[in-house]
Amino acid sequence: MKAKLVQLPKITDPTRGSLTFVQNSDEFPFEIKRAYWTYDVPAGEWRGGHAHKKLKQLILAVSGCFTLKLDDGKEKKEFLLKNPFQAVLIEEGIWRELHDFSAGAVCMVLASEEFDEEDYIRDYDEFIEWTRGN
């Protein structure tokens, strides 16, 4: 599967707190063209339920926690995101869903492309059919 958990840089000062960052560099596989965040998700609800044909993304929990469920049509993986210095890097062609949001959870997504509705696959059966052709 073209998804992996990555450790982001973490700078900690016991008297002033911690700082974590992401920047375009040789280690980061795409230029960030869009950032968005999801918050105030009611308990028991979920978000996502789509895949992208070309967009890559880095997903992290800025606060709180949630479960990221991934499916590439052959393999399924789950990640519990609960630290702002851990993120999941997702390549194109992965179905994703966000579940089990804690109170106050904020999900940040850094994306390789600007919004383009044509890039989305929003129906799971269509996604499975698409994976067979790629």
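## Arg34 and its surroundings

In this predicted model, the side chain of Arg34 reaches the backbone oxygen of Glu113 at a distance of 3.4 Å. Arg34 belongs to strand 4. The residue is buried but takes part in no salt bridge. Its nearest side chain of opposite charge is that of Asp119, 6.8 Å away; this pair does not count as a salt bridge because the criterion requires a side-chain nitrogen of Lys or Arg within 4 Å of a carboxyl oxygen of Asp or Glu.

When residues up to four places away in sequence are set aside, Arg34 touches Leu55, Val109, Leu110, Ala111, Glu113, Glu114, Phe115 and Tyr120.

Strand 12 is paired with strand 5 (residues 47-52) in the antiparallel sense, over 2 bridges. Ala51 has Ile121 of strand 12 as its bridge partner.

## Lys10 in strand 2

Lys10 lies in strand 2 (residues 10-13) and is partly exposed, its relative accessible area being 45%. Beyond its neighbours within four places in sequence, Lys10 is in contact with Ser18, Leu19, Thr20 and Phe85. The C-alpha atoms of Lys10 and Phe21 are separated by 7.5 Å, with the two residues 11 residues apart along the chain.

## Salt bridges

The model contains 7 salt bridges. One of them is formed by Glu91 and Lys56, whose closest N and O atoms are 3.9 Å apart. This pair links distant parts of the chain, 35 residues apart: Glu91 is in the loop between strand 9 and strand 10 (95-99), and Lys56 is in the loop between strand 5 and strand 6 (57-63). Glu91 is partly exposed at 21% relative accessible area, and Lys56 is likewise partly exposed at 22%.

A salt bridge also joins the side chains of Asp71 and Lys76, with an N to O distance of 4.0 Å. Asp71 is buried, at 6% relative accessibility, whereas Lys76 is exposed, at 65%. In helix 1 (residues 124-133), Glu129 and Arg132 lie 3 residues apart, about one turn of the helix, and their side chains meet in a salt bridge at 3.3 Å, N to O. Arg132 is exposed, with a relative accessible area of 61%. Elsewhere, salt bridges with shared partners connect Lys2, Lys56, Glu91 and Glu92 into one network.

Notes:
Residues are numbered from 1 along each chain as its sequence is written. This is a predicted model: local features need pLDDT of at least 70, side-chain atom pairs count only at pLDDT 80 or more; totals for chains, interfaces and linings use all residues. Side-chain values use heavy atoms; hydrogens and water are left out. Helices (H or I, at least four residues) and strands (E, at least two) are DSSP runs, numbered from the N terminus. Buried means under 20% relative accessible area, exposed over 50%, partly exposed in between (1.4 Å probe, protein chains only). Lys and Arg count as positive and Asp and Glu as negative; His and the chain ends are not counted. A polar contact is a pair of N or O atoms within 3.5 Å; within protein, one must be able to donate a hydrogen and the other to accept it, and residues adjacent in sequence count only if both atoms are side-chain atoms. Contact means heavy atoms within 4.5 Å. Two strands pair if DSSP finds at least two bridges between them.
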